[in-house]
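Open the model in your viewer and keep the sequence panel beside it. The stops below say what to select and what is there.

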Amino acid sequence: MKAFEYVGAKSVDQAVKALTSGSAAMAGGTDLINRMKDYVTSPDRVVYLNDVKELAGISGDSGTGLTILSGTRLSDLLANDSIKKSYPALWQTASEVGTPQIRNMATIGGNLMQHPRCWYYRSGFGLIPKSSDGKHMLREGDNRYASIFMTDGDALYAHPSSLAIPLIALGAKATLIGPDGERTMDVAELYKVPTSNTESPFASRPGEILKSVSVPAAAGKNGSFEARHKQAHDWPLVMASASLTFSGDTVSDARVVVYGVAPLPWRSKAAEEAIKGKSVTLDSARAAGSAAAEGAKPLSMNGYKVAMLKTVITRTLCVTVGNRYWEV
Ligand SMILES: Cc1cc2nc3c(=O)[nH]c(=O)nc-3n(C[C@H](O)[C@H](O)[C@H](O)COP(=O)(O)OP(=O)(O)OC[C@H]3O[C@@H](n4cnc5c(N)ncnc54)[C@H](O)[C@@H]3O)c2cc1C
(Lines give C-alpha, C1' and ligand atoms only; values in the text may rest on other atoms or scores of the structure.)
Protein backbone atom coordinates (compact mmCIF):
# COMPACT_ATOMS: atom_id res chain seq x y z
CA MET A 1 0.00 0.00 0.00
CA LYS A 2 1.00 3.60 -0.35
CA ALA A 3 2.92 5.03 2.65
CA PHE A 4 0.73 7.25 4.83
CA GLU A 5 0.92 9.43 7.90
CA TYR A 6 -0.81 7.93 10.98
CA VAL A 7 -2.75 10.04 13.50
CA GLY A 8 -4.08 8.32 16.63
CA ALA A 9 -6.94 10.64 17.61
CA LYS A 10 -7.88 10.77 21.30
CA SER A 11 -10.94 13.04 20.93
CA VAL A 12 -13.57 13.86 18.33
CA ASP A 13 -12.11 17.35 18.09
CA GLN A 14 -8.63 15.97 17.29
CA ALA A 15 -10.08 13.56 14.75
CA VAL A 16 -12.06 16.24 12.93
CA LYS A 17 -9.06 18.61 12.85
CA ALA A 18 -6.81 15.85 11.49
CA LEU A 19 -9.22 14.84 8.72
CA THR A 20 -7.89 17.30 6.16
CA SER A 21 -8.12 16.73 2.41
CA GLY A 22 -6.56 13.41 1.36
CA SER A 23 -7.14 11.81 4.80
CA ALA A 24 -9.26 8.78 5.70
CA ALA A 25 -10.87 7.88 9.03
CA MET A 26 -10.22 4.35 10.25
CA ALA A 27 -12.29 2.53 12.86
CA GLY A 28 -11.97 -1.30 12.84
CA GLY A 29 -10.14 -1.16 9.51
CA THR A 30 -11.90 -4.26 8.14
CA ASP A 31 -12.94 -2.41 4.97
CA LEU A 32 -10.48 0.47 4.70
CA ILE A 33 -7.30 -1.59 5.02
CA ASN A 34 -8.41 -3.97 2.27
CA ARG A 35 -9.00 -1.03 -0.05
CA MET A 36 -5.63 0.47 0.86
CA LYS A 37 -3.85 -2.83 0.17
CA ASP A 38 -5.50 -2.98 -3.23
CA TYR A 39 -4.68 0.68 -4.04
CA VAL A 40 -8.42 1.41 -4.41
CA THR A 41 -8.12 4.04 -1.66
CA SER A 42 -4.71 5.60 -1.04
CA PRO A 43 -4.96 8.24 1.70
CA ASP A 44 -2.00 10.46 2.61
CA ARG A 45 -3.10 10.31 6.25
CA VAL A 46 -5.08 7.76 8.27
CA VAL A 47 -6.91 9.05 11.34
CA TYR A 48 -7.52 6.21 13.81
CA LEU A 49 -10.82 6.61 15.68
CA ASN A 50 -10.85 3.56 17.93
CA ASP A 51 -9.16 5.28 20.89
CA VAL A 52 -11.76 8.06 20.94
CA LYS A 53 -13.75 7.13 24.04
CA GLU A 54 -16.51 9.65 23.22
CA LEU A 55 -17.35 7.53 20.16
CA ALA A 56 -18.05 4.16 21.80
CA GLY A 57 -21.08 2.91 23.67
CA ILE A 58 -24.84 2.48 23.64
CA SER A 59 -27.23 4.50 25.80
CA GLY A 60 -31.00 4.60 26.31
CA ASP A 61 -33.44 1.74 26.05
CA SER A 62 -36.37 0.53 23.99
CA GLY A 63 -38.77 2.81 25.92
CA THR A 64 -36.88 6.03 25.24
CA GLY A 65 -34.96 5.06 22.13
CA LEU A 66 -31.30 4.15 21.76
CA THR A 67 -28.21 6.12 20.87
CA ILE A 68 -25.46 3.97 19.40
CA LEU A 69 -22.14 5.79 19.09
CA SER A 70 -20.35 5.18 15.83
CA GLY A 71 -17.32 3.40 17.33
CA THR A 72 -19.51 0.72 18.94
CA ARG A 73 -18.41 -2.69 17.72
CA LEU A 74 -20.96 -5.06 16.29
CA SER A 75 -20.14 -7.60 19.02
CA ASP A 76 -21.11 -4.98 21.64
CA LEU A 77 -24.32 -4.25 19.79
CA LEU A 78 -25.09 -7.99 19.85
CA ALA A 79 -24.41 -8.15 23.61
CA ASN A 80 -27.05 -5.49 24.28
CA ASP A 81 -30.22 -7.12 25.70
CA SER A 82 -32.47 -4.21 24.80
CA ILE A 83 -31.47 -4.48 21.13
CA LYS A 84 -31.92 -8.25 21.11
CA LYS A 85 -35.37 -8.03 22.69
CA SER A 86 -36.89 -4.91 21.16
CA TYR A 87 -35.03 -4.36 17.89
CA PRO A 88 -34.72 -7.89 16.49
CA ALA A 89 -34.44 -6.50 12.95
CA LEU A 90 -31.15 -4.84 13.90
CA TRP A 91 -29.88 -7.63 16.17
CA GLN A 92 -30.55 -10.38 13.63
CA THR A 93 -28.85 -8.44 10.84
CA ALA A 94 -25.78 -7.66 12.97
CA SER A 95 -25.52 -11.33 13.98
CA GLU A 96 -25.19 -12.30 10.30
CA VAL A 97 -22.42 -9.83 9.38
CA GLY A 98 -19.18 -11.64 8.53
CA THR A 99 -17.63 -13.81 11.25
CA PRO A 100 -17.11 -13.41 15.04
CA GLN A 101 -13.64 -12.02 14.30
CA ILE A 102 -15.06 -9.39 11.94
CA ARG A 103 -17.88 -8.48 14.34
CA ASN A 104 -15.27 -8.02 17.11
CA MET A 105 -13.45 -5.39 15.03
CA ALA A 106 -16.15 -3.85 12.82
CA THR A 107 -17.92 -0.75 14.12
CA ILE A 108 -21.36 0.53 13.34
CA GLY A 109 -19.84 3.70 11.82
CA GLY A 110 -17.51 1.72 9.57
CA ASN A 111 -20.34 -0.58 8.59
CA LEU A 112 -22.59 2.27 7.51
CA MET A 113 -19.74 4.03 5.70
CA GLN A 114 -18.17 0.93 4.06
CA HIS A 115 -17.62 1.17 0.32
CA PRO A 116 -19.50 -0.98 -2.22
CA ARG A 117 -18.29 -4.51 -2.88
CA CYS A 118 -18.64 -4.26 -6.67
CA TRP A 119 -15.65 -6.14 -8.05
CA TYR A 120 -15.01 -3.61 -10.82
CA TYR A 121 -14.83 -0.89 -8.16
CA ARG A 122 -12.60 -3.07 -5.99
CA SER A 123 -10.36 -3.64 -9.02
CA GLY A 124 -9.78 0.08 -9.45
CA PHE A 125 -12.32 0.95 -12.17
CA GLY A 126 -14.51 3.20 -9.99
CA LEU A 127 -18.16 2.95 -9.04
CA ILE A 128 -19.19 3.64 -12.63
CA PRO A 129 -16.73 1.36 -14.41
CA LYS A 130 -16.34 2.14 -18.08
CA SER A 131 -13.81 0.69 -20.49
CA SER A 132 -11.76 2.89 -22.82
CA ASP A 133 -14.35 2.43 -25.60
CA GLY A 134 -17.09 3.79 -23.28
CA LYS A 135 -18.76 0.44 -22.50
CA HIS A 136 -20.18 0.06 -19.00
CA MET A 137 -18.24 -2.89 -17.56
CA LEU A 138 -20.95 -3.87 -15.10
CA ARG A 139 -23.84 -3.56 -17.53
CA GLU A 140 -22.01 -5.57 -20.20
CA GLY A 141 -19.87 -7.75 -17.94
CA ASP A 142 -20.34 -9.91 -14.85
CA ASN A 143 -23.28 -8.28 -13.11
CA ARG A 144 -24.58 -11.24 -11.11
CA TYR A 145 -24.43 -9.34 -7.79
CA ALA A 146 -25.52 -5.94 -9.12
CA SER A 147 -28.78 -4.01 -8.74
CA ILE A 148 -32.17 -4.78 -10.22
CA PHE A 149 -33.73 -1.36 -9.53
CA MET A 150 -32.50 2.01 -10.83
CA THR A 151 -30.71 0.14 -13.62
CA ASP A 152 -31.52 2.79 -16.23
CA GLY A 153 -28.82 4.88 -14.54
CA ASP A 154 -25.06 4.31 -14.50
CA ALA A 155 -24.66 3.34 -10.81
CA LEU A 156 -25.38 -0.37 -11.06
CA TYR A 157 -23.58 -1.71 -7.99
CA ALA A 158 -25.55 -2.88 -4.94
CA HIS A 159 -25.39 -0.87 -1.71
CA PRO A 160 -23.12 -2.73 0.78
CA SER A 161 -24.23 -2.00 4.37
CA SER A 162 -26.71 -4.55 5.67
CA LEU A 163 -27.07 -2.65 8.98
CA ALA A 164 -28.41 0.39 7.11
CA ILE A 165 -31.46 -1.69 6.19
CA PRO A 166 -32.97 -2.28 9.67
CA LEU A 167 -31.86 1.16 10.82
CA ILE A 168 -33.83 2.80 8.01
CA ALA A 169 -36.81 0.51 8.61
CA LEU A 170 -36.73 1.55 12.28
CA GLY A 171 -36.62 5.25 11.35
CA ALA A 172 -33.12 5.86 12.77
CA LYS A 173 -31.27 9.17 12.49
CA ALA A 174 -27.54 9.69 11.95
CA THR A 175 -25.56 12.52 13.53
CA LEU A 176 -22.45 13.73 11.72
CA ILE A 177 -19.82 15.98 13.27
CA GLY A 178 -17.28 18.03 11.35
CA PRO A 179 -15.55 21.39 11.04
CA ASP A 180 -18.94 23.18 10.94
CA GLY A 181 -20.40 21.37 13.96
CA GLU A 182 -23.07 18.69 14.15
CA ARG A 183 -25.99 17.90 11.88
CA THR A 184 -28.58 15.13 12.01
CA MET A 185 -30.33 13.39 9.13
CA ASP A 186 -32.28 10.21 8.42
CA VAL A 187 -29.89 7.27 7.98
CA ALA A 188 -31.28 6.95 4.43
CA GLU A 189 -29.97 10.44 3.66
CA LEU A 190 -26.39 9.37 4.36
CA TYR A 191 -26.32 7.86 0.89
CA LYS A 192 -26.50 9.25 -2.61
CA VAL A 193 -26.03 7.89 -6.09
CA PRO A 194 -22.87 9.11 -7.82
CA THR A 195 -23.14 10.13 -11.45
CA SER A 196 -19.38 10.01 -12.06
CA ASN A 197 -16.32 8.32 -10.59
CA THR A 198 -15.27 11.51 -8.82
CA GLU A 199 -18.50 11.74 -6.81
CA SER A 200 -18.90 10.11 -3.41
CA PRO A 201 -21.73 7.68 -2.61
CA PHE A 202 -22.06 9.40 0.80
CA ALA A 203 -23.68 12.69 1.79
CA SER A 204 -21.02 13.46 4.40
CA ARG A 205 -18.96 16.61 3.80
CA PRO A 206 -15.14 16.73 3.83
CA GLY A 207 -13.82 16.34 7.38
CA GLU A 208 -17.12 15.04 8.78
CA ILE A 209 -17.39 11.79 10.68
CA LEU A 210 -20.41 9.85 11.78
CA LYS A 211 -20.85 10.42 15.50
CA SER A 212 -23.91 8.36 16.37
CA VAL A 213 -27.08 6.68 15.26
CA SER A 214 -30.33 7.21 17.19
CA VAL A 215 -33.09 4.64 17.01
CA PRO A 216 -36.58 5.76 18.12
CA ALA A 217 -38.45 4.05 20.94
CA ALA A 218 -39.59 0.60 19.90
CA ALA A 219 -43.17 0.42 18.63
CA GLY A 220 -44.98 -2.46 16.99
CA LYS A 221 -42.91 -5.34 15.63
CA ASN A 222 -39.75 -5.49 13.54
CA GLY A 223 -37.75 -8.20 11.82
CA SER A 224 -35.21 -9.01 9.12
CA PHE A 225 -34.53 -11.93 6.82
CA GLU A 226 -31.60 -12.46 4.48
CA ALA A 227 -30.72 -14.79 1.64
CA ARG A 228 -27.06 -15.56 1.05
CA HIS A 229 -24.82 -18.15 -0.58
CA LYS A 230 -25.25 -21.24 1.62
CA GLN A 231 -24.45 -20.15 5.20
CA ALA A 232 -21.19 -18.48 4.14
CA HIS A 233 -19.77 -15.49 6.02
CA ASP A 234 -20.46 -13.24 3.08
CA TRP A 235 -22.66 -10.22 2.44
CA PRO A 236 -26.32 -11.09 1.77
CA LEU A 237 -27.49 -11.44 -1.82
CA VAL A 238 -30.86 -9.94 -0.91
CA MET A 239 -32.17 -9.09 2.54
CA ALA A 240 -34.99 -6.99 3.96
CA SER A 241 -36.15 -5.45 7.21
CA ALA A 242 -39.67 -4.51 8.19
CA SER A 243 -41.06 -2.35 10.96
CA LEU A 244 -44.81 -2.75 11.39
CA THR A 245 -47.32 -1.08 13.67
CA PHE A 246 -50.72 -2.62 14.26
CA SER A 247 -54.30 -1.78 15.03
CA GLY A 248 -55.45 -5.08 16.48
CA ASP A 249 -54.18 -7.66 14.00
CA THR A 250 -54.17 -5.23 11.09
CA VAL A 251 -51.02 -3.47 9.92
CA SER A 252 -51.63 0.26 10.36
CA ASP A 253 -48.20 1.41 9.21
CA ALA A 254 -45.25 -0.32 7.54
CA ARG A 255 -41.69 0.44 6.60
CA VAL A 256 -40.01 -2.15 4.39
CA VAL A 257 -36.41 -1.69 3.26
CA VAL A 258 -34.43 -3.99 0.98
CA TYR A 259 -30.71 -4.76 0.50
CA GLY A 260 -28.94 -5.99 -2.59
CA VAL A 261 -31.33 -4.61 -5.19
CA ALA A 262 -30.25 -0.98 -5.72
CA PRO A 263 -27.23 1.30 -5.20
CA LEU A 264 -29.08 2.67 -2.15
CA PRO A 265 -30.99 0.93 0.64
CA TRP A 266 -34.25 0.38 -1.28
CA ARG A 267 -37.45 1.45 0.46
CA SER A 268 -40.19 -0.72 -1.00
CA LYS A 269 -43.23 1.53 -0.91
CA ALA A 270 -45.02 -1.11 -3.00
CA ALA A 271 -44.56 -3.76 -0.30
CA GLU A 272 -45.58 -1.26 2.38
CA GLU A 273 -48.80 -0.33 0.58
CA ALA A 274 -49.58 -3.98 -0.12
CA ILE A 275 -49.39 -5.02 3.55
CA LYS A 276 -51.06 -1.96 5.08
CA GLY A 277 -54.64 -2.59 6.19
CA LYS A 278 -54.11 -6.37 6.24
CA SER A 279 -53.10 -8.87 8.85
CA VAL A 280 -49.79 -10.59 8.07
CA THR A 281 -50.57 -14.05 6.70
CA LEU A 282 -48.57 -16.12 4.25
CA ASP A 283 -50.91 -14.95 1.47
CA SER A 284 -50.73 -11.24 2.29
CA ALA A 285 -46.94 -11.47 2.74
CA ARG A 286 -46.63 -13.18 -0.66
CA ALA A 287 -48.76 -10.47 -2.25
CA ALA A 288 -46.44 -7.84 -0.73
CA GLY A 289 -43.42 -9.75 -2.10
CA SER A 290 -44.93 -9.76 -5.59
CA ALA A 291 -45.75 -6.06 -5.33
CA ALA A 292 -42.15 -5.33 -4.27
CA ALA A 293 -40.79 -6.91 -7.43
CA GLU A 294 -42.88 -4.81 -9.80
CA GLY A 295 -40.74 -2.42 -11.82
CA ALA A 296 -37.52 -4.38 -11.29
CA LYS A 297 -35.24 -4.29 -14.33
CA PRO A 298 -32.56 -6.90 -13.78
CA LEU A 299 -29.34 -6.97 -15.78
CA SER A 300 -28.15 -9.87 -17.92
CA MET A 301 -27.03 -12.15 -15.06
CA ASN A 302 -29.07 -11.20 -12.00
CA GLY A 303 -32.68 -12.05 -12.86
CA TYR A 304 -32.57 -14.55 -9.99
CA LYS A 305 -32.72 -11.58 -7.59
CA VAL A 306 -36.31 -10.82 -8.64
CA ALA A 307 -37.51 -14.22 -7.40
CA MET A 308 -35.27 -13.89 -4.34
CA LEU A 309 -36.70 -10.46 -3.56
CA LYS A 310 -40.25 -11.87 -3.53
CA THR A 311 -39.25 -14.66 -1.15
CA VAL A 312 -37.18 -12.40 1.10
CA ILE A 313 -40.03 -9.88 1.50
CA THR A 314 -42.50 -12.69 2.19
CA ARG A 315 -40.25 -14.19 4.85
CA THR A 316 -39.32 -10.84 6.37
CA LEU A 317 -42.97 -10.00 6.98
CA CYS A 318 -43.63 -13.48 8.38
CA VAL A 319 -40.53 -13.31 10.64
CA THR A 320 -41.69 -9.94 11.91
CA VAL A 321 -44.89 -11.48 13.26
CA GLY A 322 -43.11 -14.64 14.47
CA ASN A 323 -44.28 -17.00 11.71
CA ARG A 324 -41.21 -18.86 10.42
CA TYR A 325 -43.45 -21.03 8.25
CA TRP A 326 -40.56 -22.56 6.25
CA GLU A 327 -39.03 -24.08 9.38
CA VAL A 328 -42.06 -26.06 10.55
C1 LIG B 1 -15.89 -11.66 5.09
C2 LIG B 1 -16.66 -10.41 5.36
C3 LIG B 1 -18.06 -10.48 5.42
C4 LIG B 1 -18.80 -9.33 5.64
N5 LIG B 1 -20.18 -9.41 5.68
C6 LIG B 1 -20.90 -8.27 5.81
C7 LIG B 1 -22.34 -8.32 5.84
O8 LIG B 1 -22.96 -9.37 5.75
N9 LIG B 1 -22.98 -7.14 5.94
C10 LIG B 1 -22.33 -5.96 6.06
O11 LIG B 1 -22.97 -4.92 6.17
N12 LIG B 1 -21.00 -5.90 6.06
C13 LIG B 1 -20.28 -7.02 5.95
N14 LIG B 1 -18.92 -6.95 5.97
C15 LIG B 1 -18.28 -5.64 6.03
C16 LIG B 1 -17.98 -5.24 7.45
O17 LIG B 1 -19.18 -5.18 8.19
C18 LIG B 1 -17.33 -3.89 7.37
O19 LIG B 1 -16.04 -4.07 6.80
C20 LIG B 1 -17.20 -3.24 8.72
O21 LIG B 1 -18.45 -3.05 9.33
C22 LIG B 1 -16.51 -1.92 8.60
O23 LIG B 1 -16.33 -1.41 9.90
P24 LIG B 1 -14.89 -0.96 10.38
O25 LIG B 1 -15.08 -0.35 11.71
O26 LIG B 1 -13.89 -2.05 10.27
O27 LIG B 1 -14.64 0.17 9.30
P28 LIG B 1 -13.29 0.70 8.60
O29 LIG B 1 -12.74 -0.32 7.67
O30 LIG B 1 -12.38 1.28 9.62
O31 LIG B 1 -13.93 1.88 7.76
C32 LIG B 1 -14.81 1.64 6.68
C33 LIG B 1 -15.12 2.97 6.00
O34 LIG B 1 -15.89 3.76 6.87
C35 LIG B 1 -15.23 4.99 7.16
N36 LIG B 1 -15.51 5.25 8.57
C37 LIG B 1 -15.25 4.47 9.63
N38 LIG B 1 -15.73 5.03 10.75
C39 LIG B 1 -16.30 6.19 10.38
C40 LIG B 1 -16.97 7.24 11.07
N41 LIG B 1 -17.17 7.21 12.39
N42 LIG B 1 -17.42 8.30 10.36
C43 LIG B 1 -17.22 8.37 9.02
N44 LIG B 1 -16.60 7.41 8.30
C45 LIG B 1 -16.16 6.33 8.98
C46 LIG B 1 -13.77 4.77 6.83
O47 LIG B 1 -13.14 5.97 6.45
C48 LIG B 1 -13.86 3.78 5.69
O49 LIG B 1 -14.03 4.43 4.46
C50 LIG B 1 -18.15 -8.09 5.81
C51 LIG B 1 -16.75 -8.02 5.79
C52 LIG B 1 -16.01 -9.16 5.55
C53 LIG B 1 -14.51 -9.04 5.50
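Start by selecting G223. In this predicted model, G223 is buried, because its relative accessible area is 2% and the cut-off for buried is under 20%. G223 sits in strand β9. Which residues touch G223, leaving aside neighbours within four places in sequence? Show A89, A240, S241, A242, T316, V319 and T320; these are its contacts.

Next, select helix α13, residues 304–320. Colour its buried residues: K305, V306, L309, V312, I313, T314, T316, L317, C318, V319 and T320. An α-helix has 3.6 residues a turn, so residues three or four places apart point the same way. To see what covers the buried residues of α13, display β9 (221–227), β10 (238–247), β11 (250–259), α11 and α12, which are among the covering elements. Step just past the end of α13 to G322, where phi is positive at about 80 degrees.

Move to helix α12, residues 282–293. Its 12 residues should span 16 Å at 1.5 Å a residue; the end C-alpha atoms lie 17 Å apart, which agrees. Which residues of α12 are buried? They are S284, A285, A288, G289, A291, A292 and A293. The cover over them includes α11 (269–275) and α13. Just after α12 comes G295, with a positive phi of about 90 degrees.

Select Y39 first: its phi is positive, about 60 degrees, although it is not a glycine. Y39 is in the loop between α2 (32–37) and β3 (45–48). Is Y39 buried or exposed? Its relative accessibility is 52%, so Y39 counts as exposed; the cut-off is over 50%. Then select M150, whose phi is also positive and near 60 degrees. The loop that holds M150 runs between α9 (137–140) and α10 (164–169). M150 counts as partly exposed because its relative accessibility is 34%.

Turn now to the empty space. Rolling a probe the size of a water molecule over the atoms shows where empty space is left. How many cavities of 30 Å³ or more does a search of the whole structure find? The search finds 1. The largest cavity has a volume of about 60 Å³. To locate it, select the lining: Q114, H115, P116, Y157, H159, P160, Y191, K192, P201, F202, P263 and L264. By class, this lining has 8 nonpolar, 3 polar and 1 charged residues.

For the second largest pocket, select R117, C118, Y145, W235 and P236, which lie nearest its centre among 21 lining residues. The pocket holds about 390 Å³ of space. Its lining comprises 12 nonpolar, 4 polar and 5 charged residues.

Finally, zoom out and colour by domain. Domain 1 covers residues 1–54 and domain 2 covers residues 221–327. The C-alpha centres of domain 1 and domain 2 are 36 Å apart.

Definitions and conventions: Residues are numbered from 1 along each chain as its sequence is written. This is a predicted model: local features need pLDDT of at least 70, side-chain atom pairs count only at pLDDT 80 or more; totals for chains, interfaces and linings use all residues. Side-chain values use heavy atoms; hydrogens and water are left out. On a 1 Å grid over the protein atoms alone, a cavity is a set of points where a 1.4 Å probe fits but cannot get out, and a pocket is an open set with protein on both sides within 12 Å along at least five of seven lines; lining residues have an atom within 4 Å of a point. Grid points are joined across faces, edges and corners, and a volume is the space filled by probe spheres set on the points. Ala, Val, Leu, Ile, Met, Phe, Trp, Tyr, Cys and Pro count as nonpolar, Asp, Glu, Lys and Arg as charged, and the others, Gly among them, as polar. Domain bounds come from an automatic or database domain assignment. Helices (H or I, at least four residues) and strands (E, at least two) are DSSP runs, numbered from the N terminus. The expected span of a helix is 1.5 Å times one less than its number of residues. Buried means under 20% relative accessible area, exposed over 50%, partly exposed in between (1.4 Å probe, protein chains only). Contact means heavy atoms within 4.5 Å.
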